[in-house]
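Q: I'd like to learn how to read a protein model, one feature at a time. Could we work through it together?

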Amino acid sequence: ILCICDKSCQCPKEGDTSKAAEPWIPHPVPLRCPKVSKTRLADIVYCGRRISQKPVYLIDDAHLCKDVDVTELDGVVILIYPSPSKPPSRRFVEVQILPFRFIETVEVLRRDIRSKLTELKHYETEDRLSNLQNLEKLNEIINKLDEVKDQLDDVLKYYLLYGGTAWGIELTARCLSNEEPPHVAEPAVGGHLSDKRESELCQEPPVAFFDTIDEILEDAREYGVRPEVVKAVLYSAAERVFEKGLEVGDIYEEVRNLAQEIANVKVETKDIRTAIDYLRNSHVLFTIKKEKLSKSQKEEGGGDSKSDSHFKIVFSDPRYALGAYMHYQHTLHGTTYVDAYYKVKNEIMDQRMGQPDRVAHYLESIFLANVALGVYALVTSYDRPDRGHLPDKFVKYLKNGWEIDAYVTIKRRDRPISFLAEFSINYDGSHVEKCSEAAKRLNTYCIYAVYKESEVRLEDNVLITPLSLFLALL
């Protein structure tokens with residue numbers, strides 16, 4: 001078992017197999033280019049349970065590296081790119097890492113839940129694909145996972161803020177274990193401190209939020225993509241996710257107006273398309289396309305759905321969403337980063353739904369991103385790998401007077417898999433009705449995930465479940 005740790009880890013010494021050496025908490029230590037810090041390298045410890053070899057170095061922003069930055073590293077070097085590019089040297093391992101979805105974050109932090117999934121035969125990809133073909137089996141698994149719902153919810157409340165990047169997982173691990181989190185902002189004026197230990201540790205927005213968008217814009221510049229246009233696309237997405245709703249009709253007009261407001265520049269449609277493609281290829285944004293159900297199955301040449309030019313724009317990870325929102329609020333509205341952070345954090349962590357529409361759109365964005373990432377992981381790791389496509393290829397949303405948030409289709413040699421997924425903050429019987437109707441039309445089933453739901457139940461072809469349990473399925 002390989003892990004990368006800093007000095008705060010309790011790593012076993014080489015060859016030490018005693019029980020006292022067993023517990024340790026791995027924390028990723030990302031290195032960055034263009035200049036790799038030699039002092040940071042000195043802090044890295046290689047931990048091994050069965051083998052003891054040279055260190056493994058993860059180099060972020062590898063497209064900014066020069067060979068001299070990494071050739072002196074004595075060990076396995078993994079270069080991580082934000083989007084496809086030519087590496088500085090083919091001698092190294094090249095990886096483009098997507099943010100971890102919720103269940104991957106859980107599997108890293110909670111071995112007991114990982115063991116639970118294994119016990120339920122829902123851990124391996126082939127098992128998950130098989131289970132997704134059987135609604136009764138999913139109902140059985142969800143009811144068994146309900147036994148660890150509290151533990152899942154503990155991880156979810158931090159995942160909704162910090163997400164599944166290496167930085168986010170490290171911070172979530174520290175918050176869950178009540179360790180001092182690194183690199184947090186200074187306390188806000190007026191103070192938000194609490195008597196609770198957990199609140200003292202994890203209440204302030206980490207500095208990484210402030211830097212995320214600047215780093216994305218820096219990467220864009222390196223790839224020859226106009227950073228002011230990329231910024232306008234990110235701001236437009238932030239408006240959608242936190243204020244207006246996810247569905248987009250004409251994003252070009254929105255981005256043109258924002259680019260004019262941000263940098264007083266005019267942009268062409270091709271510039272906007274290039275910026276969107278860059279953000280999608282970098283796995284920062286997903287675009288979920290719409291399909292419209294026909295009025296009857298006999299229409300449209302016998303088909304039951306037809307494509308539409310509308311789409312929903314979502315961030316792949318909470319870190320990108322919150323980073324863009326804080327950047328947008330600060331630049332266009334003069335709001336401090338900390339205040340912008342608390343506008344969202346208080347509603348999620350404390351469940352104070354003063355503006356339920358905003359937090360609903362944000363949670364829907366995370367819901368859809370996890371569906372896309374989960375299905376992509378299933379498709380690319382079993383049967384016929386489909387790595388040439390982006391994660392949002394396999395998910396669409398439906399509209400037919402009512403709307404279904406996600407329609408998933410997975411093509412397989414033996415039997416195609418399809419299902420519907422719906423989300424809301426509070427339980428609403430009308431969601432069950434439309435899910436059931438759409439599922440019958442498409443000859444499949446629907447899973448209705450509710451953020452504030454404590455019960456699991458199956459109503460005809462609709463499985464109703466708390467959000468954390470649904471996210472554990474994918």
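Q: How many residues does helix H7 have, and what is its reach from its first C-alpha to its last?
A: Helices (H or I, at least four residues) and strands (E, at least two) are DSSP runs, numbered from the N terminus. The expected span of a helix is 1.5 Å times one less than its number of residues. In this predicted model, H7 covers residues 149–162, so 14 residues, and its end-to-end C-alpha reach is 20 Å, close to the expected 20 Å. Gly163 follows H7 and has a positive phi, near 75°.

Q: Before we go on, what ground rules apply to the numbering and the values?
A: Each chain is numbered from 1 as its sequence is written, and side-chain values use heavy atoms, with hydrogens and water left out. Because the model is predicted, local features need pLDDT of at least 70 and side-chain atom pairs count only at pLDDT 80 or more, while totals for chains, interfaces and linings use all residues.

Q: Which residues of H7 are buried?
A: Buried means under 20% relative accessible area, exposed means over 50%, and partly exposed lies in between (1.4 Å probe, protein chains only). In H7 the buried residues are Lys149, Leu152, Val155, Leu156, Tyr158, Tyr159, Leu160, Leu161 and Tyr162.

Q: Which residue does the side chain of Lys149 meet in a salt bridge?
A: Side chains of opposite charge can pair when their charged atoms come close. The term salt bridge here asks for a side-chain nitrogen of Lys or Arg within 4 Å of a carboxyl oxygen of Asp or Glu. Lys149 pairs with Asp153, at 2.6 Å from N to O. Both partners sit in H7, 4 residues apart, about one turn of the helix. An α-helix has 3.6 residues a turn, so residues three or four places apart point the same way. Lys149 counts as buried because its relative accessibility is 15%, whereas Asp153, at 24%, is partly exposed.

Q: How many salt bridges does the structure hold?
A: There are 24 salt bridges in the structure. One of them joins Arg226 and Glu228, at 2.8 Å from N to O. Arg226 is partly exposed at 28% relative accessibility, and Glu228 is partly exposed at 22%.

Q: Where in the chain do Glu291 and Lys396 lie?
A: Glu291 and Lys396 form a salt bridge of 2.9 Å, N to O. This pair links distant parts of the chain, with Glu291 in strand E8 (residues 285–293) and Lys396 in strand E10 (residues 395–400), 105 residues apart. Glu291 is buried at 11% relative accessible area, and Lys396 is partly exposed at 25%. Elsewhere on our tour, salt bridges with shared partners join Glu247, Lys290, Lys312, Glu364, Lys399, Glu403 and Asp405 into one network.

Q: Is Glu364 buried or exposed?
A: Glu364 counts as buried because its relative accessibility is 11%. Its place is in helix H16 (residues 356–381). Contact means heavy atoms within 4.5 Å. Not counting residues up to four places away in sequence, Glu364 touches Leu246, Lys312, Glu403, Asp405 and Phe423.

Q: Which residues have the most contacts inside the largest nonpolar core?
A: A nonpolar core is a set of buried Ala, Val, Leu, Ile, Met, Phe, Trp, Tyr and Cys residues joined through side-chain atoms within 4.5 Å. The largest has 117 residues, and Tyr162, Val230, Phe315 and Tyr362 have the most contacts inside it. H16 gives this core its largest share, 14 residues. Apart from this core lies another, of 16 residues, including Leu293, Trp402, Leu420 and Val432.

Q: What does Val230 touch, leaving out residues up to four places away in sequence?
A: Val230 touches Ile216, Leu217, Ala220, Val225, Ala275, Tyr278 and Leu279.

Q: What is the mean pLDDT of the protein chain?
A: pLDDT is the predictor's confidence in each residue, from 0 to 100. The chain's mean is 75, and 67% of its residues reach 70 or more. Over residues 19–29 pLDDT stays under 50, and the model has 37 contacts beyond four places in sequence for this stretch. Residues 36–53 are also below 50, with 46 contacts in the model beyond near neighbours in sequence. Where pLDDT is low, the predicted coordinates should not be read in detail.
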